[in-house]
Amino acid sequence: MKIYNTLSRQKEEFIPLKEGKVSMYVCGPTVYNLIHIGNARPMIVFDTVRRYLEYKGYEVNYVSNFTDVDDKIIKKAQEEGISAQEVSKRYIEECQKDMAALHVKEATSHPLATEEIGGMLEMIGTLIEKGYAYQAEDGTVYFRTRRFSEYGKLSHKNLDDLQAGHREIQVTGEQKEETFDFVLWKPKKEGEPYWESPWCQGRPGWHIECSVMARKYLGDTIDIHAGGEDLIFPHHENEIAQSEAANGKAFAKYWMHNGFLNIDNKKMSKSLGNFFTVREISQEYDLQVLRFFMLSAHYRSPLNFSRDLMEAAASGLTRILTAAENIRHLQESASEGELTKEERSLLEECGRFVKKFEEAMEDDFNTADGVSAVFELVKFLNIHTSGECTKTFLESCYERLETLCNILGIVIDKEPEVLDQEVEALIAERQAARKEKNFARADEIRDTLLNMGIVLEDTREGVKWKRA
Ligand code: AMP
Ligand code: ZN
């Protein structure tokens, strides 16, 4: 299996540190708001990597954190007049709901930065002891970047270029030795959450959190470290510097980075305001459509989000789900009995598509080609399954389709979800029917909605609805 390693800028053969096991750390979101669909891209692609590794028989220890202390969280808490912890707790819960609906498997561990402060104090202490970090007068602790001779090996930058780039940006009040030194611990400001430390009452920098959580849950050296490509520099570069300086060992063997989800070729981001939350998309589509859309491109390619592409993903997915439903239906009345000779050779032919799928995934998780293999399998199954087939044959066909879809995180026997949009449209139609005094139609719609699990309540302010 080949993985493109950002460290070497090459596809490399994947050889895990321990046979049969994979340790994987994926940087998680900062929780101060509902996640947008750009944030969902690394969640989906690395969950798919995990699923494929598990399919190959590896035991995967998958760790993904929540950054629950950060300037943006504190700002939001101050705006709402609640504590930072209340903000992060709320958005971790919301994020977990979105992840479940995207079929992102629960991580083996999902640590919270605020619960790992002890480990951070310890690692910062070690870095100071070893001369890799220093305390400034105001209590801030900085990493002494120049001391780590391999700094820049992931992002392929060198310190002199960085210094030239930074020369103009001296932030007033900072007491760093060099401009590219970065914060490990910083003093609290009035009203901010803080922890005691040997240096000052304060809180950790962002980078140290991941170094500490990766070490605690996975060990000094891990197999795969992953995140969006915006994290290569400075976040992952700094994680490497901290971890390797503190532990004296290589930090991660393979570095994987997903490309951006864009809108009009610009990165979707909170700061640009060009984003859709996962929640917004869930009002219009079952979220496995979003997942399928993401996996229709290679994870390292930029991907432009558009309605047209989402519609294309929705109809592609429907093709797969319909094929699955047909096979299920055929199974109900199929005859028991052994596979016929013809069926046996058809199943062998099916193996071709499975092989094609695996080859795509073995080549740096090329899900785009993997999805094409699934479509080919669907086409083949549509042609070769009928009421004449034995139950055993149909079961085997279904199982193959289900196995491949499961690697992609697509559930093929899911009841279609009732979307808010459909409900609203039916309610509007019912209102129109009532206005025209077509009460029979209005009642019919109420019953249809009831069958969909939607209960209506006529109130003075209009019609309200809820899921039963
Ligand atoms: P953040 O909450 O900004 O730290 O982001 C959480 C994760 O989402 C990181 O791995 C980012 O690299 C990733 N990410 C954020 N925006 C995008 C985007 N537009 N496309 C792909 N990945 C993104
Ligand atoms: Zn991280």
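**Ground rules.** The model is predicted, so I take local features only at pLDDT of at least 70 and side-chain atom pairs only at pLDDT 80 or more, while totals for chains, interfaces and linings use all residues. Residues are numbered from 1 along each chain as its sequence is written, chains are lettered from A and ligands numbered from 1 in the order written, and side-chain values use heavy atoms, without hydrogens and water.

**Overall.** I looked up the protein chain first. It has 15 helices and 15 strands. I take these as DSSP runs numbered from the N terminus: helices are H or I with at least four residues, strands are E with at least two. The C-alpha trace spans about 80 × 65 × 35 Å along its principal axes. Of the 468 residues, 50% are buried. Buried means under 20% relative accessible area, exposed over 50%, and partly exposed in between (1.4 Å probe, protein chains only).

**Ligand 1.** I then turned to the ligand. 16 residues surround ligand 1 (a heavy atom within 4 Å). Gly38, Gly228, Asp230, Leu261 and Met268 are the closest. By class, I find 6 nonpolar, 8 polar and 2 charged residues in this shell. Here Ala, Val, Leu, Ile, Met, Phe, Trp, Tyr, Cys and Pro count as nonpolar, Asp, Glu, Lys and Arg as charged, and the others, Gly among them, as polar.

Next came atom pairs. A nitrogen atom of ligand 1 lies 2.7 Å from a polar backbone atom of Leu261. An oxygen atom of ligand 1 is 3.0 Å from a polar backbone atom of Gly228. Asn39 brings a polar side-chain atom to 3.3 Å from an oxygen atom of ligand 1. Taken alone, ligand 1 exposes 480 Å², and the protein buries 89% of that (Shrake-Rupley method, 1.4 Å probe).

Which elements give two or more residues to the shell? They are α1 (37-55) and β9 (222-228). α1 gives the most, with 3 residues.

I checked the peptide bond from Phe233 to Pro234, and it is cis, with omega near 0°. Pro234 lies in helix α7 (residues 232-247).

Two residues other than glycine have positive phi. His156 has phi near 55°. It sits in the loop between β6 (141-143) and α5 (159-166). Phe365 has phi of about 55°. Its loop runs between α11 (341-362) and α12 (367-384).

Is each one buried or exposed? His156 is partly exposed, because its relative accessibility is 37%. Phe365 is buried, because its relative accessible area is 2%.

Conventions
A polar contact is a pair of N or O atoms within 3.5 Å; within protein, one must be able to donate a hydrogen and the other to accept it, and residues adjacent in sequence count only if both atoms are side-chain atoms.
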